[in-house]
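Please look through the sequence and the model below. This short report takes you from one chain to the other.

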Amino acid sequence: MTALGLALLTSDPSTPLFTGDHGIPLLTGEGGILAPLYWFLDLWSGLMSWLAGATGLELLQYGFMHRAILVGLCIGVMAPLIGTFLVHRQLALIGDALAHTGFAGVAVGLFLNAVLDLGISPYLSAVVVAMIAALFIELISEATDAYNDVSMAIVLSTGFALGTTLISINAGGLAVGVNQFLFGNLSTVSAESAVILLVLFAVVVGVVGLTRNQLLYVTFDETAAAVSGLSVSWYNRIMVMLTAMVVVGAMQIMGVILVAAMLVVPVAGAAQVSRSFNESLLVSVVLAELAVILGIGASYYGEATAGGVIVLIAVAIYVAAVVIGKLQTAYGEESTPEMGSINVDESDSFGD
Amino acid sequence: MSANQSPPTTTADDDTETDHDHRDDAAPSTDAVVELTDVDFGYTSTPVVEDISLRIDAGEYVAVVGPNGSGKSTLMKLMLGLLRPDAGSASIFGEPSHRFDDGSRIGYVAQHASASKEMPITVREVVKMGRFPHVGFGRLGNEDWAIVHDALETVGMSAFADRRVTQLSGGQRQRAFIARALASEADLLVLDEPTVGVDVESVEAFYDLLDSLNGAGITVLLIEHDLGAVTEHADRVVCLNREIYFDGPTDEFVESDALARAFGTAANFLGGDA
């Protein structure tokens with residue numbers, strides 16, 4: 001317990017907090033089945049070092065920055081990817097609720113580590129707890145036939161209360177080291193956390209890639225999707241579980257409090273300037289990556305918390321997108337085309 | 001309900017309607033598109049619809065009318081299998097509605113308010129969704145895109161294909177949704193008060209479109225509040241207020257007193273009540 005508290009207090013870039021190399025050897029440890037991902041991480045690190053040499057950028061010299069940038073880039077893809085489906089269903093705040101339950105998951109992980117010396121990464125326990133909470137929210141909403149903000153608020157505060165309680169017990173009543181989880185930290189992204197994130201990234205992108213048609217249909221028109229034979233509740237469950245994964249993955253850098261912003265702000269910006277759904281997906285990823293890269297850079301040189309800087313930049317980009325969107329509608333060509341006539345006889349391809 | 005999706009068909013276009021190998025315990029005759037037998041349903045202990053027996057055959061143009069809260073939309077959901085009856089049975093294309101999963105055969109058009117309003121999505125992307133039951137997890141092939149193109153052409157919306165749906169007028173939007181139903185090659189078109197919030201001229205054009213689609217062999221089931229439109233276009237009227245007050249040809253409906261009994265007031269055929 002004290003060792004953990006000490007580690008939290010004295011966190012510095014060179015010694016990542018949760019390496020998983022104490023206690024039992026782990027699934028996610030370096031020798032586990034995820035060894036190829038560690039190899040990839042080394043490769044990435046080599047690339048970044050080369051880039052550092054080629055460009056002379058100071059921030060690219062450190063191993064922890066290599067991992068932070070990789071994690072940031074992954075977040076920049078998967079957060080808006082999932083966020084697009086959430087925002088257009090008026091579910092923007094579910095990310096926030098799940099982040100807070102993810103915080104409880106972190107606390108559970110820390111607690112178990114301290115008590116049983118399990119040596120599991122707290123982010124792993126966070127994924128598990130957040131996914132259970134996600135399923136729980138979804139089942140409540142299926143039973144009550146609506147995503148109601150009351151149940152969301154209850155889940156959110158329960159998660160946060162549980163998290164703070166467990167952490168305070170853990171640290172002997174002191175709120176030690178909570179900042180890292182609340183606000184995120186570039187320098188504490190360990191190799192193990194990065195590998196966990198890569199796995200989450202693969203799952204999220206893979207599942208969205210496979211079910212993009214179905215998710216789009218369910219998002220756009222739930223009843224029509226149900227009529228067309230899709231099981232809306234199953235796709236909703238998939239959606240919230242993926243959200244839990246994204247939120248916990250992004251928590252490392254963004255922190256509990258700001259993580260929902262990555263799901264919402266780039267998507268809202270993209271909706272202002274895009275015409276089609278595919279375009280809005282692409283634009284939201286570009287905007288998010290822009291915010292992440294600029295934010296990491298600015299926070300490094302400005303010595304500020306990365307999460308906050310990233311969100312501020314994302315919001316600035318959003319404001320710019322709103323202005324551009326308004327200008328587009330004001331000065332766009334947009335002459336109204338002639339509505340064609342109805343000609344049913346010509347095409348006989350339907351109805352038999 | 002475990003089935004979440006009709007199996008992805010790699011041969012994008014169908015040649016004939018293949019029969020499904022589901023074994024139905026009570027298989028109704030093959031021509032019935034929709035068949036309800038002694039259906040009761042209530043969200044709570046109070047019944048919303050009661051003792052409904054109804055059969056719609058292929059090629060019919062049926063309108064379901066009734067006052068607000070008469071159970072029209074509930075009836076529609078029962079037919080489509082979105083709700084399961086408390087008592088009685090509902091079947092669609094000869095299969096129990098809740099188990100029916102060949103979504104491509106049903107085209108559904110709601111009040112446009114139901115679809116996400118702010119979402120950036122083009123008309124073409126909306127119509128494309130009609131092909132999703134055919135392609136499953138796969139991509140749309142050339143043939144699918146050709147069908148999307150034809151559907152847009154049919155409803156006269158080709159020029160609007162790349163417009164954002166949010167920029168369309170109510171009438172244009174409903175045409176886009178019809179095109180989606182056409183793209184799915186549906187043989188049953190279900191419309192839930194499709195002309196709410198649509199300007200008068202567009203409403204006329206919209207019903208003309210339905211008429212011609214019905215003429216081309218598509219079964220049309222219209223849930224409608226606007227009695228004027230119904231009496232002018234539908235062949236058959238089902239008048240509902242918790243139970244069926246009238247079911248028969250439109251001419252007879254106009255002459256009967258079913259409307260007054262169902263609505264409980266002196267309703268007229270000009271619409272605009274409520």
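Two strands pair if DSSP finds at least two bridges between them. Strands (E, at least two residues) and helices (H or I, at least four) are DSSP runs, numbered from the N terminus. The model is predicted: local features need pLDDT of at least 70, side-chain atom pairs count only at pLDDT 80 or more, and totals for chains, interfaces and linings use all residues. Residues are numbered from 1 along each chain as its sequence is written, chains are lettered from A and ligands numbered from 1 in the order in which they are written, and side-chain values use heavy atoms, with hydrogens and water left out.

**The sheet in chain B**

Start with β7 (residues 188–192) and β8 (residues 219–224) of chain B. These strands pair in the parallel sense, over five bridges. B:Leu188 faces B:Thr219 in β8(B) across the pair. B:Asp192 stands opposite B:Ile223 in β8(B). β7(B) also runs parallel to β6(B), and four bridges join them. There, B:Val109 stands opposite B:Leu191 in β7(B).

These strands belong to an open sheet of six, in the order β6-β7-β8-β3-β9-β10 (chain B), with mixed pairing. Which strands are at the edges? They are β6 (106–109) and β10 (243–249) of chain B, and each pairs on one side only. Neighbouring strands of this sheet are turned by 15 degrees against each other on average, direction ignored.

**A helix on the sheet**

Helix α6 (residues 200–215) of chain B packs on the sheet and touches β3 (61–65), β7 and β8 of chain B. Contact means heavy atoms within 4.5 Å. The helix direction makes about 150 degrees with that of β8(B). Such axes are lines fitted to C-alpha atoms, for helices over the stretch in contact, and angles run from 0 to 180 degrees between N-to-C directions. Together, β7(B), α6(B) and β8(B) make a right-handed β-α-β unit. Right-handed means that, with the strands pointing away from the viewer, the path from the first strand over the helix to the second runs clockwise.

**Buried residues**

Is β7(B) mostly covered or mostly open? It is mostly covered: five of its five residues are buried. Buried means under 20% relative accessible area, exposed over 50%, and partly exposed in between (1.4 Å probe, protein chains only). Both faces of β7(B) are covered, with B:Leu188, B:Val190 and B:Asp192 on one side and B:Leu189 and B:Leu191 on the other.

Two loop residues of chain B have a positive phi without being glycine. B:Phe93 sits in the loop between β4 (87–92) and β5 (95–96) of chain B, and its phi is near 50 degrees. B:Glu193 lies between β7 and α6 of chain B, and its phi is near 40 degrees.

| Residue | Relative accessible area |
|---|---|
| B:Phe93 | 17% |
| B:Glu193 | 10% |
| A:Cys74 | 6% |
| B:Cys239 | 0% |

How many disulfides does the structure hold? The count over all chains is zero. A disulfide is a pair of cysteine sulfur atoms within 2.5 Å.

**Chain A**

Chain A has twelve helices and zero strands. Of its 352 residues, 52% are buried. Take the contacts in chain A between residues at least 6 apart in sequence: 76% of them join residues at least 24 apart. Chain A exposes about 14900 Å², and carbon and sulfur atoms supply 68% of it. Accessible areas come from the Shrake-Rupley method with a 1.4 Å probe; for residues, only the protein chains shown count as cover.
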